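Follow the charged side chains through this model.

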Amino acid sequence: MEHVAVNPWVALAYLIAGVCFILALRGLSSPTTSQRGNRFGMIGMGIAVVTTLVTHVPVTTTLIEGYDYAALIARIDYVAALEIVAAIAIGAVIGITTARRIAMTAMPQLVAAFHSLVGLAAVLVAAAAFLNPIAFGIARILVDPLSGTPLAYILPVSRIEMGLGVAIGAITFSGSVIAFLKLNGNMGGAPIMLPARHVINLSVLAAILALVAYFTVDQSPWVFWTITILSFAIGFLLIIPIGGADMPVVVSMLNSYSGWAAAAMGFTLHNSAMIITGALVGSSGAILSYIMCRAMNRSFISVIAGGFGSAPEAGAGGAAKVDRPWKRGSAEDAAFLMSQAEQVIIVPGYGMAVAQAQHVLREMADKLKEHGVRVKYAIHPVAGRMPGHMNVLLAEANVPYDEVFELEDINSEFAQTDVAFVIGANDVTNPAAKTDKTSPIYGMPVLDVEKAKTVLFVKRSMGGVGYAGVDNDVFYMDNTMMLLADAKKMVEEIVKSLD
Amino acid sequence: MDFIAILSIFVLACFVGYYVVWSVTPALHTPLMAVTNAISSVIIVGALIASAAAGSTWGKWLGLLAVVLASVNIFGGFAVTSRMLAMYKKKERPAVAKH
């Protein structure tokens, strides 16, 4: 191989960084070890960055003369070194300020924005490697037999890695930008359907793969840049037809892509830290996408194909059943019922977070505990806008994590529960998912709230339907009491009545 | 390292990733995404190499821009993860001394 000889200590340092990243994810197996895990991540990153800075000191010439440090120091380019430190510092200031200010409800947007940065950075690194392959140790100098000029001949394996790296990076970037705009509300959540989009998408993907293959025999700039541009386009085309309800899957999928992009660049640079990280992040995103799809009973392919949650179907399903009788309750009724209960299970959904009701909800739970009521929270995997989002929002409101349960751990308890308090959730409680084969959400695992003695359902009005656009039979059951109001106001009133 | 050696690391790391990620508690899936985001910015290694290399002005500036982007992600990702993790608390009980 033509690669620059690697100092074994350097390779070892990158390997240690990779192991630190594994430990970082391992720490997340429990909240008690998670902070330590995060510190492992920081240490790993520190090792990787310092190792690179030390072994790639900016120098005024490209010649590599082994490890003659005296000669190296004489050639250090201090201006370039300063520029690098400044670039890191600028990034640090922007990153830390954003991380401190961001509201927890806006986490999905932030994560999408961060994914887009990884994608763009991968594109830039691949482009830099293409422009200066000698510096990356992926090229051999050949002399053109006709003109006699020296030419950097990029190794074919590296061309494939580079081509794939830039393609995945570009898809991650443009896809994440669209996901960000949809989650942040700058762009409607409704899917945008182009005619013949499957044909367009598949041909663009085929063209990208064909060009990556062609790149191995022709390293002309046009091949590289066409791959880049087509990949930006396909990222955009893939995400615009996907509706708002499927965004948790999209965010997880882009998480996975950002990992594969890092892995592809790791292959180019023969860097074990990047390869290990890429594999970890790639599998993490893939597993989260799988968990989200399973929680919605959708296949990954149908999510990617897009179009779910389009407006017309929604109107038809809801209108047919408008005139069924239902019971309305007041805050006092709710307070009385819950204070008499032995156990209350709170089922929060994204609507709770939108109304910013999580803090007052925790106050309500505290009051109930004073009355001797056992309070638990039941979280559906797709509650919120990204995996685990609801857990973070409850944690922010100081809800102890050992009172918060996942669907499969708590579902059997509803039958022995006096009150199920549903707030800001809808589809995830809909029994039609279990019984009605024609329902769009049929087969989706749901929380069995209807089995509780009483269901208290906080909802803004009877008109609105959930994300999936289907009516919920729970509203019309004898043991259900609808609490129609803004979630936050309703809970505040309940808290007052509990005094 | 030859291609097969790196490929071996990659394939084994995929298996490690698979088992480690399944053991992450669902309650921490959002911090998981934030921290994977931060660590995937290890791509900064490539950006640093590009920006330190002489020989291509364009390559150097693209590298520097990539350093800024990756560093936003690294610092932002770890900071936001640690902010989230700090919020996860257990029920307040009389403190039990560990070890």
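In this predicted model, A:E403 and A:K369 form a salt bridge, with their closest N and O atoms 2.8 Å apart. A:E403 sits in the loop between α16 (389–396) and β5 (404–406) of chain A, and A:K369 in helix α15, so the bridge ties together parts 34 residues apart in sequence. A:E403 is buried, because its relative accessible area is 4%, under the 20% cut-off. A:K369 is partly exposed at 33%.

A:K369 has another partner. Its side chain also meets that of A:D366 in a salt bridge, at 3.9 Å from N to O. Both residues belong to helix α15 (residues 358–370) of chain A, 3 residues apart, or about one turn of the helix. A:D366 is partly exposed, with a relative accessible area of 29%. Shared partners join A:R362, A:D366, A:K369 and A:E403 into one network.

Helix α15 also holds A:K367, which pairs with A:D499 in the segment after α19 of chain A, 132 residues apart. Here the closest N and O atoms are 3.2 Å apart. Over all chains, the count comes to 12 salt bridges.

Now the surface. Which residues form a negative surface patch? They are A:E332, A:D333, A:E363, A:E492 and A:E493. Helices α13 (331–339) and α19 (487–498) of chain A each supply at least two of the patch residues. A:E332 lies in α13 and is partly exposed, with a relative accessible area of 49%.

Notes: Residues are numbered from 1 along each chain as its sequence is written. Chains are lettered from A and ligands numbered from 1 in the order in which they are written. This is a predicted model: local features need pLDDT of at least 70, side-chain atom pairs count only at pLDDT 80 or more; totals for chains, interfaces and linings use all residues. Side-chain values use heavy atoms; hydrogens and water are left out. Patches are made of residues with over 30% relative accessible area and no salt bridge: like charges are joined within 9 Å, nonpolar side chains (Val, Leu, Ile, Met, Phe, Trp, Tyr) within 5 Å. Accessible areas come from the Shrake-Rupley method with a 1.4 Å probe; for residues, only the protein chains shown count as cover. A salt bridge is a side-chain nitrogen of Lys or Arg within 4 Å of a carboxyl oxygen of Asp or Glu. Lys and Arg count as positive and Asp and Glu as negative; His and the chain ends are not counted. The place of a charge is taken as NZ of Lys, CZ of Arg, CG of Asp or CD of Glu. Helices (H or I, at least four residues) and strands (E, at least two) are DSSP runs, numbered from the N terminus. Buried means under 20% relative accessible area, exposed over 50%, partly exposed in between (1.4 Å probe, protein chains only).
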